[in-house]
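Please have the sequence and the coordinates at hand while reading.

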Amino acid sequence: MQKAVETVNTVAIRFAGDSGDGMQVTGSQFTDTTALAGNDLATFPDFPAEIRAPAGSLAGVSGFQIKFSSETVFTPGDAPDVLVAMNPAALKVNLRDLKPGGMLILNSEAFSAKNLTHAGYQANPVTDGSLANYKVFSADITGMTLRAVESLQLNNRAAVRCKNFFALGLVYWLYNREMQHTFDWIAQKFKDPLLREANVRALKAGYNFGETAELFDHSYEVR
């Protein structure tokens, strides 16, 4: 059964993760696709405070915010409606900006004891009730990415690096965006055919997860 679609006028989405998680690429691809769809938009890339910050640290968080609308957009928006946080540090740095009642999409695999400690959490915010004011959607983005590309037999680091495209595919589904522009970009960007195929698979897997999983009961459309 096809899920319902809710029409909204304006949305601000922030992608956030480690500096190596590809959040600038993710945000840029969503931006290009949104522009091709005819929406007005504004963006705000947010680079890490320290270029060589340790993985999982607050200083290494990278973000990209896009606000898009069926109406005129004047700013990228201070308070996002949606926060995609790829690890605990990204959540901690950006949660204060998320609108009350806003949507949180979390990469559950990254919320390990080690990563929580790196981010300064005493307890897991996903389970301790501190996120009760938000709509929380937690999914094993890393694990599902690895399963999507498993047959390609990439090394673990290369396979894990595809997870930003899984997240992008999921948000493409959530806001009814076309994937073709990103397919074309991947074809031009990656010379290695295995990496091209891996990123395409991750993108499709994220989109299909949104469509088939029971995590979301409906998607959104910004005309």
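## Helix α1

In this predicted model, helix α1 (residues 23-36) consists of 14 residues and reaches 20 Å from its first C-alpha to its last, which is close to the 20 Å expected at 1.5 Å a residue. Its buried residues are M23, Q24, T26, G27, Q29, F30, T31, T33 and T34, and what covers them includes the strands β2 (10-18), β3 (40-46) and β4 (61-69) together with the helices α6 and α7. After α1 comes G38, whose phi is positive, near 95°.

## The crossing of α6 and α8

Helix α6 (residues 163-174) and helix α8 (residues 193-212) have axes that come within 7 Å of each other and cross at roughly 40°. Because of that angle, α6 counts as oblique to α8, and the crossing in which α6 passes α8 is right-handed.

On the α6 side the contact is made by F165, F166, L168, G169, L170, Y172 and W173, and on the α8 side by N199, A202, L203, A205, G206, Y207, F209, G210 and E211. Sorted by type, the residues of this contact divide into eleven nonpolar, four polar and one charged.

## Helix α8 and its surroundings

At 1.5 Å a residue, the 20 residues of α8 should span 28 Å, and this agrees with the 28 Å that separate its end C-alpha atoms. Buried in α8 are A198, N199, V200, A202, L203, A205, G206, F209 and G210, and these buried residues pack against β7 (135-139), α4 (141-149), α6 and α7 (180-189).

Notes. Residues numbered from 1 in each chain as written. Predicted model: local features only at pLDDT ≥ 70, side-chain atom pairs only at ≥ 80, totals over all residues. Heavy atoms only, no water. Axes fitted to C-alpha atoms, helices over the stretch in contact; angles between N-to-C directions. Helix = DSSP H or I, 4+ residues; strand = E, 2+ residues; numbered from the N terminus. Parallel < 35°, antiparallel > 145°, perpendicular 65-115°, else oblique. Left-handed = near helix turned anticlockwise from the far one by under 90°. Contact = heavy atoms within 4.5 Å. Nonpolar A, V, L, I, M, F, W, Y, C, P; charged D, E, K, R; others polar. Expected span 1.5 Å × (residues − 1). Buried < 20%, exposed > 50% of the residue type's maximum accessible area, 1.4 Å probe, protein only.
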